[in-house]
Amino acid sequence: MKTSNVLCRRSFLLGTVAFSSTQLAACAGRNAPFGSVERLVHDAVRAGETPGAVVVIGHDQKIVYRLVYGRRACVPVPEALTWGTRFDMASLTKPTMTALAVMQLVEQGRLGVDDRVSRYFPEFSSHGKGEISVRLLMTHYSGLPPDLPLDDPWTGKAEGIRRAMESGLINPPGEKFVYSDINYIVLGLLVEKLSGLPLDRYAQSHILEPLGMTESCYRPAEELRPITAPTQYDEHGEMLRGVVHDPTARRMGGVAGHAGLFSDAHDMSIYAQALLDRLKDRSSRFPLRRETLLLMITPQQPAGKTELRGLGWDIDTHYSSPRGDVFSRNSFGHTGFTGTSLWIDPDSDSYVLILTNRVHPSGGHSVVRLRHDVATAAGRALGLSVEAQAGSKGV
C-alpha cells in the first residue's frame, strides 16, 4: 500500500499565528519527539484497524505536528488520504455544534439549563419524562435509551421526532449515565424551535461562519464527495460517501442533533484552537463567552455521580480513553463512531485531533487503543508527565 505524509500547500491561520506548509513539514513524521505517534499510526494502518489517519497536535497556539497516512478509500479503487479529506464527524457533532448552539441560546437568556424539556415540548412529558431537564440531556443522565429503535423501516424527520418525544425511559432521570443519541436529537430540536432555523442553517450562520470553518457543512454537495472519506455499505449495499453514516440521522434526512457534521483537519484545528484561546482569555472568534464555555467543559452531572460530563463534552467516563495517560484531569473531549476524536487539555494548552474512517469498508474495526496511545505519546512528546498534570490548577 502506498502511503505518505501529505502536507497542505496553502498557508492558513490558527489563532494569531500563521504557518506555511513548509514550516509544518518540519514538524511531520521525521520530527524525533513525535516519532512514536507516527509509528503508532503506521502500525494501526498496517494492521487494518483503519484505512488511514490524519493526526494534528496543537500546543501553545500552534500546530506542532501533523501526519497524513494511509488511504482515504479502499474500494472500489484505492485512494490516497489527503490533508483536505472531509470526514463524517459522527458524534463530534454533539459537543461542537449542537451543545454549542444550546449554550448560545442559554447565553442569550432564551433557555435555561435546568428548564424542563416539557416546557418547550409538552408531548415529551409522556412515559415519565416530565422532569427531564436540558442539563440531564446534555450530560446523558436523562434516563433515555441509547437510540431510537431501528428494527422497523421507519423514515422521515417527522417520524424521528415523534419517536423521540414518545420514547420511554430505561432509568429514572438523573440516576445513571447512559450515552444516548436521543438526548441530542431532542436538543437539536430545541435549537430549531427557539431559533426558528433548521439546525444545519443555524450552525452555518452562528458557528461555522463566525469561526471561518469554510470546509465544514451538513449534507455535503455532490461535487464534494470525491474528497470525502467513505464509510461503509448501507443496508442496500451502497457505499456511504458524503452521506451521514449514522442510521438514525440518515433516516431523518441527514441533519440531527447527534450526528451529521462533515469537516476536515484544517477546520477542526481552527475550532480546537479558538476554543482554547477563549478559555485562555486570548483573542478568539469562538462564538461563546468564557464563563458560558466553562459550563461546557467542567463537571455538570447530578451531584454524587462519578461519570463526569460537562454540558456537551466528556470529562471522565468510560469513554475517556482519548485522554491517554498524561493529559490532565481538567482535559475534555469527544469521539465519533466513524473513527473521529478530539481531546483538549487547557492545562497544557494542547489538543490532539485524530480523524479516521475506521468503519470503511465494512465496519468492525476499532481505534480505541490508537486514540489512547496517540494521546499518551503526544503528551510525552510535549514534555508532560502524570505528576506535573496532577498538580495543575486548571484553566
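Which residue in β8 is the bridge partner of tyrosine 218? In β8, tyrosine 218 has leucine 261 as its bridge partner. The notes below start from that pair.

1. Basis. This is a predicted model, in which local features need pLDDT of at least 70 and side-chain atom pairs count only at pLDDT 80 or more, while totals for chains, interfaces and linings use all residues. Residues are numbered from 1 along each chain as its sequence is written, and side-chain values use heavy atoms, with hydrogens and water left out. Helices (H or I, at least four residues) and strands (E, at least two) are DSSP runs, numbered from the N terminus.

2. The three-stranded sheet. β6, β8 and β7 form an open sheet in the order β6-β8-β7, with antiparallel pairing. β6 (87-88) and β7 (217-218) are at the edges with a single partner strand each, so one side of each has no neighbour in the sheet. Two strands count as paired if DSSP finds at least two bridges between them; β7 and β8 (residues 261-263) pair over two bridges. Strands of a sheet pair through backbone hydrogen bonds, either parallel or antiparallel.

3. Strand β13. Six of the six residues of β13 are buried, so the strand is largely enclosed by the rest of the structure. Buried means under 20% relative accessible area, exposed over 50%, and partly exposed in between (1.4 Å probe, protein chains only). Ser350, Val352 and Ile354 point one way from β13, and Tyr351, Leu353 and Leu355 point the other way. In a regular strand the side chains alternate between the two faces of the sheet.

4. Partners of β13. β3 runs antiparallel to β13 and is joined to it by six bridges; valine 54 has leucine 355 as its bridge partner. β12 is also antiparallel to β13, with five bridges, and tryptophan 343 stands opposite valine 352. The hairpin of β12 and β13 has four residues between the strands, and aspartate 349 there takes a positive phi near 55 degrees.

5. Helix α11. At 1.5 Å a residue, the 14 residues of α11 (residues 368-381) should span 20 Å, and the end C-alpha atoms are 20 Å apart, which agrees. The expected span is 1.5 Å times one less than the number of residues. Buried residues of α11 include Leu370, Val374 and Ala378. The buried residues of this helix pack against α2 (35-46), β3 (52-59), β11 (332-336), β12 (340-345) and β13 (350-355), where contact means heavy atoms within 4.5 Å. Just after α11, glycine 383 takes a positive phi of about 85 degrees.

6. Salt bridges. The whole structure has 24 salt bridges, each being a side-chain nitrogen of Lys or Arg within 4 Å of a carboxyl oxygen of Asp or Glu. One of them joins arginine 86 and glutamate 215 (2.8 Å, N to O). This pair links distant parts of the chain, 129 residues apart: arginine 86 is in the loop between β5 (79-80) and β6, and glutamate 215 is in the loop between α7 (199-211) and β7. Both arginine 86 and glutamate 215 are buried. Aspartate 277 forms a salt bridge with arginine 282, with the closest N and O atoms 2.8 Å apart; aspartate 277 is buried because its relative accessibility is 2%.

7. Cysteines. There are zero disulfides in the structure, a disulfide being a pair of cysteine sulfur atoms within 2.5 Å. Cysteine 74 counts as partly exposed at 24% relative accessibility, whereas cysteine 217 counts as buried at 14%.
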